[in-house]
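Good morning, and thank you for coming. I would like to walk you through one structure, and I ask that you keep the sequence and the model in view as I speak.

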Amino acid sequence: MNAPFNKHANNAATHPAYLSVWEIEAYYGESYIVQNVSFNIHEGEILALLGRNGAGKTSTLRTIARLDDPALTHGEIWLDHKPLHEMKSHEAAANGISLVPEDRRIIPGLTVEENLQLAQIAPPHGWSLDRIYDLFPRLGERRKQEGVTLSGGEQQMLSIARALARDIKVLLLDEPYEGLAPVIVQEIAKTLGVIRDQGITTIIVEQNAVAALKLADRAVILDIGKVVFDGSAAEVLENEDLRAQYLAI
Ligand SMILES: Nc1ncnc2c1ncn2[C@@H]1O[C@H](COP(=O)(O)OP(=O)(O)O)[C@@H](O)[C@H]1O
Ligand SMILES: [Mg+2]
């Protein structure tokens with residue numbers, strides 16, 4: 001099977017897609033949730049995946065990460081010429097996909113540093129602790145503190161840092177700004193910009209669409225499991241009708 005790169009009009013032929021999601025369909029039991037979704041991302045891009053509550057954003061991320069639910073029944077997902085659609089979640093992870101779920105999943109009883117060390121237990125290793133603390137000074141200051149006692153923003157940083165501690169290529173962020181004060185959102189956004197500059201490709205799902213759009217290069221909007229927009233983030237920021245229709249902002 002060849003990667004279906006040429007099926008996407010939005011990508012110039014000179015820039016083949018790095019991550020290609022092509023006509024994916026996924027079900028929770030009998031419920032048809034991800035309904036023929038396609039989009040492409042270039043290496044080092046940040047893509048905002050937006051849409052109302054229940055649009056299918058989390059389900060799309062879970063499908064790309066190859067979790068068992070929802071079940072992928074049709075379509076292909078290619079990462080750097082590797083067929084993710086043929087993989088289980090652990091194989092997708094070994095190929096560089098990392099999902100940071102909405103609930104952050106900090107491990108109780110472990111310090112900040114132990115949470116990070118646990119992520120580095122198996123090779124291939126990603127960023128060193130020094131490099132991580134350089135990017136997240138707050139985590140360095142709190143390295144001996146139990147992870148679950150951190151503030152919401154710091155827990156989100158830890159959860160992103162834990163992903164970087166593994167050798168990842170694609171970061172899938174599910175509502176990283178949820179419940180955080182605007183100043184912390186700005187701090188995390190700045191960090192995500194630095195992570196992009198280091199070559200990591202990111203999909204950010206956010207209810208705070210404006211914050212996500214300011215950070216992102218491109219945007220895909222989902223509505224009831226289907227793609228209704230695929231274009232530049234700036235275009236969505238400028239288009240009030242689009243935002244009112246699909247994002248309720
Ligand atoms: N585990 C599940 N079992 C059945 N239906 C689910 C499950 N999780 C989500 N759904 C349904 O799938 C649809 C998309 O959900 P989701 O992907 O979580 O949306 P979003 O993240 O955009 O808010 C919703 O209608 C939701 O009710
Ligand atoms: Mg969700």
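Let us begin with N40, which counts as buried because its relative accessibility is 1%; buried means under 20% relative accessible area, exposed over 50%, and partly exposed in between, with a 1.4 Å probe and protein chains only. N40 belongs to strand β2, residues 31–41. Helices (H or I, at least four residues) and strands (E, at least two) are DSSP runs, numbered from the N terminus. The side chain of N40 makes a polar contact with the side chain of S20, at 3.0 Å. A polar contact is a pair of N or O atoms within 3.5 Å; within protein, one must be able to donate a hydrogen and the other to accept it, and residues adjacent in sequence count only if both atoms are side-chain atoms.

A word on the basis of these values. This is a predicted model, in which local features need pLDDT of at least 70 and side-chain atom pairs count only at pLDDT 80 or more, while totals for chains, interfaces and linings use all residues. Residues are numbered from 1 along each chain as its sequence is written, chains are lettered from A and ligands numbered from 1 in the order in which they are written, and side-chain values use heavy atoms, with hydrogens and water left out.

I turn now to the ligand. Which residues are around ligand 1? They are Y28, I33, R52, N53, G54, A55, G56, K57, T58 and S59, where a residue is near a molecule if one of its heavy atoms lies within 4 Å of it. By class, this shell has 3 nonpolar, 5 polar and 2 charged residues. Here Ala, Val, Leu, Ile, Met, Phe, Trp, Tyr, Cys and Pro count as nonpolar, Asp, Glu, Lys and Arg as charged, and the others, Gly among them, as polar. Helix α1, residues 57–64, gives the most to the shell, with 3 residues.

A backbone N or O atom of G54 lies 2.7 Å from an oxygen atom of the ligand. For T58, a polar side-chain atom is 2.8 Å from a ligand oxygen atom, and for S59 a polar side-chain atom is 2.5 Å from one. The protein covers 58% of the 560 Å² of accessible area that ligand 1 has on its own; accessible areas come from the Shrake-Rupley method with a 1.4 Å probe, and for residues only the protein chains shown count as cover.

S59 also has protein neighbours. This residue is found in helix α1 and is buried, with a relative accessible area of 8%. Not counting residues up to four places away in sequence, S59 touches Y28, I33, V34 and P70, contact meaning heavy atoms within 4.5 Å.

P70 brings us to the backbone. In general, most residues other than glycine have a negative phi, and most peptide bonds are trans. A cis peptide bond joins D69 and P70, with omega about -5°, and P70 is found in the loop between α1 and β4, residues 71–79. The peptide bond from P123 to P124 is also cis, with omega near 0°; P124 is in the loop between α3 and α4.

Where are the positive phi values? R105, which is not a glycine, has a phi of about 50° and is found in the loop between β6, residues 97–100, and α3. I224 has a phi near 45° and is placed in the loop between β9, residues 218–223, and β10, residues 226–232. At 63% relative accessibility, I224 counts as exposed.

Strand β9 also holds V220, which is buried, with a relative accessible area of 0%. Leaving aside neighbours within four places in sequence, V220 is in contact with F39, L47, A48, L49, L50, V227, F229 and D230.

My last topic is helix α3, residues 112–119, whose buried residues are V112, E113, N115, L116 and A119. Why are they on the same side of α3? They cover an arc of only 160° around the axis, which puts them there; the arc is that of the directions from the helix axis to the C-beta atoms. These buried residues pack against α4 (129–135), α5 (137–141) and α6 (152–164).
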